[in-house]
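Me: I would like to go through this model in a few questions, starting with a single residue and ending with the whole chain.

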Amino acid sequence: MARAVLELGESLQAETTCPVCLELFSQPVITECGHNFCGPCMAAVLGAPPRPAACPQCRATVLPGSLRPNRSLGAVAGLAGALGDEARRPRCPAHGEALGLFCESCRGPVCPLCREGPRHRDHRARPAEEAARELRETLQSNLVFLQKEKEEFKPKGESKSDSLLGTVASERQRLRDAFEQLQQFLREQEGVLLAQLDRAHGELAKERREYVSSVSERKSLLGTLIVDIEKKRDQPVVEFLMDVGKILSSCEAAKAPIPEPVSPELQRTVKNLSEMSQLVVDAVAKFKVNLLSEMDRERVKVTLDPETASPYLILSKDRKTVRLGDEQQNLPDTPKRFMGSPSVLGSQGFTAGRHYWELEVGDGDSWAAGVAVESVRRKDSLNMALGKIWALRLDWDRQYTALHMPPAPVALKEEPRRIRVHLDYEAGQVTFYNAENMMEILQFKASFTEKVFPYFWLWSQETYIQLCA
């Protein structure tokens, strides 16, 4: 009904609008040709002094003094103006009625029809003018309070920031000192071990030269003796016996063993140095692993939750790898289990903090990985559950997709085989990295209010998803 009245008001305004100034009639007059205009508009048309002029509508001649007041039209124009003012009042978008009431529960204006509706029926409502007066007073008192607060506002946060800045600077210097001391210690130990290896190297080189020289001398002696014996054996008796003793002595010398190329003592020294070197290498490797492990508190060990796994998915015994099976397994349809899509969640969920885990996807396609909230829809298709999933997907056509609502394509220059998924619960961020070079792939912005779980989806038997240790 209200809309019909407004439409009639608009029609009435159109009929009471002056065709010259396009405003509602003011002191309307009527011409002999039957057209109505504002009195001031026609006075401007006739000019000063007045002279005959053409009617602005039909071009008939209008003589000065022929105009007659049209008071009834003026009254109708006034009514049309009042209706226009009423029409410009804010209206209920649902019912078209004037917003004359204020709902205190919803803290907003409503119309009488809204007041009787199911949404506001049990709410307290009162006239908008009355509510506005009281709320203006409330706002005024708030204004006075806030102005006073502004005058007395002297925050002391800078001192806390200064204290923390001092702590950061102190820790920075302490860390630099610790690493400098560690580097100095390592350089000293490196010098000691390298000096021992250098000495062993020099001794080995010396004994090798001596061994090579002994071998060369023995080879030369053998050659000389062979020639002498071959010459001596056919000589006459007296001549043969004259210097045979010398040759026999040389033969005894030639039979003596050649000294070892490396002395046993030096062999033991090299063995000990080799063992020490291996101990140092192992200790450094262990130190690096332990240090990174202690520092990397955000990394979590994720395993797959078999109670959530789709019957189409096969999990490894250690719950680190998932593949797509040949057929659906006979598994109970529990509330936790995904039945509408080949999906599975991680066993551990998060309600706070920063966490990350890494996974390998190989060269296959048709996989997705990311996070999902606990209330994700598990009995529907993947498309129906997208509003509560934030994931990166590789489709069958090798196109990457940011999997949320709505899905969006992602252009990558290279296809990552190992991916890091990083969750920052408080900041509402899910970030994906290529774990091989730590280049960012994709980041989602979200607002989490419930537990968040690692999420995985698979739809190709040639593909696997393996969680990294």
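**One residue, then the whole chain**

Me: Where is Arg337 found?
Reply: The model is a predicted one. In it, Arg337 is found in the loop between two strands, β10 (321–324) and β11 (343–345).

Me: Is Arg337 buried or exposed?
Reply: A residue counts as buried when its relative accessible area is under 20%. Arg337 has a relative accessibility of 7%, so Arg337 counts as buried.

Me: Which residues does Arg337 touch, not counting residues up to four places away in sequence?
Reply: Arg337 touches Leu331, Pro332, Arg378 and Lys379, among others. The list also holds Pro306, Glu307, Thr308, Ala309 and Pro311.

Me: What separates the C-alpha atoms of Arg337 and Ala98?
Reply: Arg337 and Ala98 are 239 residues apart along the chain.

Me: What is the radius of gyration of the protein?
Reply: For a compact globule of 469 residues, a value near 23 Å would apply. The C-alpha trace spans about 180 × 65 × 60 Å along its principal axes. The radius of gyration of the protein is 49 Å.

Me: How many helices and strands does the protein have?
Reply: Of the 469 residues, 30% count as buried. The secondary structure consists of 9 helices and 21 strands.

Me: How far apart are the mean positions of the positive and negative charges?
Reply: The protein has 62 positive and 65 negative charges. Their mean positions are separated by 3 Å.

Definitions and conventions:
Residues numbered from 1 in each chain as written. Predicted model: local features only at pLDDT ≥ 70, side-chain atom pairs only at ≥ 80, totals over all residues. Heavy atoms only, no water. Helix = DSSP H or I, 4+ residues; strand = E, 2+ residues; numbered from the N terminus. Rg over C-alpha atoms; globule rule 2.2 N^0.38 Å. Buried < 20%, exposed > 50% of the residue type's maximum accessible area, 1.4 Å probe, protein only. Lys, Arg positive; Asp, Glu negative; His and termini not counted. Charge placed at Lys NZ, Arg CZ, Asp CG, Glu CD. Contact = heavy atoms within 4.5 Å.
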